[in-house]
Amino acid sequence: MFRHAASCLRNRSATSAGVSRGFSTDPASTPPADEAFASAWRRAAPGVDPPRTPLSFTQHRPPASSSIPAKLRINFVLPYDSEFSDNEVEMVVVPTTTGEMGILPGHVATIAELKPGVISVHQGSAVKRYFVASGFAFVHSSHVADIMTLEAVPVDRIDPTAVQKGLAEFSQKLSSATTQLQKAEAQVGFDVLTALNFAVMGQ
């Protein structure tokens with residue numbers, strides 16, 4: 001059975017030799033057209049031009065660069081402000097729900113949900129650290145990273161005393177909660193204050 005499988009693999013390799021197969025993330029050579037919808041429309045209403053669908057407004061995505069640049073471009077935005085706007089940096093480290101993720105030029109395109117923690121922006125010899133409670137990070141194949149969050153506070157502006165006080169309060173609320181709603185609210189506050197305390201202690 002294994003010899004048969006190996007033979008099939010060799011035959012497939014020989015057949016596909018010289019044929020370039022693109023990745024699923026490679027853009028199409030032309031924007032996709034909603035031909036199925038247009039054909040159905042023409043059959044139903046031959047004398048009326050089909051309306052334009054959202055797909056017809058889709059712009060062609062430019063191909064990713066074959067070379068990896070030395071810098072990563074980031075946009076770090078909040079609803080009311082922008083910490084970074086198309087700035088070049090060496091690296092960004094973000095706290096995701098699956099662990100800390102370092103983003104460098106050439107990083108694979110991905111979307112990551114942020115959890116309470118510290119975002120570190122490495123720009124030259126300086127490292128700027130921000131505490132965020134939630135958000136999303138979008139890494140594009142064009143060596144651009146977009147970070148979006150509702151709040152971002154520089155770690156050096158956080159009051160350690162206030163953090164300790166808030167952590168004690170939410171710890172008490174969590175232990176004394178009697179309903180599922182109270183437990184959920186207390187758990188969210190406790191998790192955020194725990195992350196805040198860790199950020200302050202590690203600065």
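Below are my notes on salt bridges, backbone angles and a pair of helices.

**Before starting**

I am working with a predicted model, so I keep that in mind throughout.

**Salt bridges**

I began with charged pairs. Side chains of opposite charge can pair when their charged atoms come close. How many salt bridges does a search of the whole structure find? I got three.

I took the pair of Lys71 and Glu90 to begin with. Their closest N and O atoms are 3.3 Å apart, and the two residues form a salt bridge. I then looked up where the partners sit: Lys71 is in the loop between α2 (35-44) and β1 (72-78), while Glu90 is in the loop between β2 (81-89) and β3 (91-96), so this bridge ties together parts that are 19 residues apart in sequence. I also checked how open they are. Lys71 has 31% relative accessibility and counts as partly exposed. Glu90, at 26%, counts as partly exposed.

Next I turned to Arg73. Its side chain meets that of Asp86 in a salt bridge, with 2.8 Å from N to O. Asp86 belongs to strand β2 and Arg73 to strand β1, so the pair ties together parts 13 residues apart in sequence.

Arg73 is partly exposed, with a relative accessible area of 29%. Asp86 is partly exposed at 41%, and Glu88 counts as partly exposed at 41% relative accessibility.

**Positive phi angles**

Asp86 is not a glycine, although its phi is positive, at about 55 degrees.

Where is His143 found? I traced it to the loop between β8 (135-139) and β9 (144-148). Is His143 buried or exposed? With a relative accessible area of 9%, His143 is buried, because the cut-off for buried is under 20%.

**Two packed helices**

My last stop was a helix pair. Two packed helices are described by the angle between their axes and the distance between the axes. For helix α3 (residues 160-176) and helix α4 (residues 180-201), I read an angle of about 150 degrees, with the axes 8 Å apart. That makes α3 roughly antiparallel to α4, because angles over 145 degrees count that way. I noted the crossing of α3 and α4 as left-handed.

I then listed who makes the contact. From α3 the residues include Pro160, Val163, Leu167, Phe170 and Leu174. From α4 they include Ala186, Phe190, Leu193, Leu196 and Val200. What classes of residue are in the contact of α3 with α4? I have ten nonpolar, seven polar and three charged residues on the page. Among the contact residues I also jotted down Lys173 of α3, and Lys183 and Glu185 of α4.

Key: Residues are numbered from 1 along each chain as its sequence is written. This is a predicted model: local features need pLDDT of at least 70, side-chain atom pairs count only at pLDDT 80 or more; totals for chains, interfaces and linings use all residues. Side-chain values use heavy atoms; hydrogens and water are left out. A salt bridge is a side-chain nitrogen of Lys or Arg within 4 Å of a carboxyl oxygen of Asp or Glu. Helices (H or I, at least four residues) and strands (E, at least two) are DSSP runs, numbered from the N terminus. Buried means under 20% relative accessible area, exposed over 50%, partly exposed in between (1.4 Å probe, protein chains only). Axes are lines fitted to C-alpha atoms, for helices over the stretch in contact, and angles run from 0 to 180 degrees between N-to-C directions. Angles under 35 degrees count as roughly parallel, over 145 as roughly antiparallel, 65 to 115 as roughly perpendicular and the rest as oblique. A crossing is left-handed if the near helix is turned anticlockwise from the far one by less than a right angle, and right-handed if clockwise. Contact means heavy atoms within 4.5 Å. Ala, Val, Leu, Ile, Met, Phe, Trp, Tyr, Cys and Pro count as nonpolar, Asp, Glu, Lys and Arg as charged, and the others, Gly among them, as polar.
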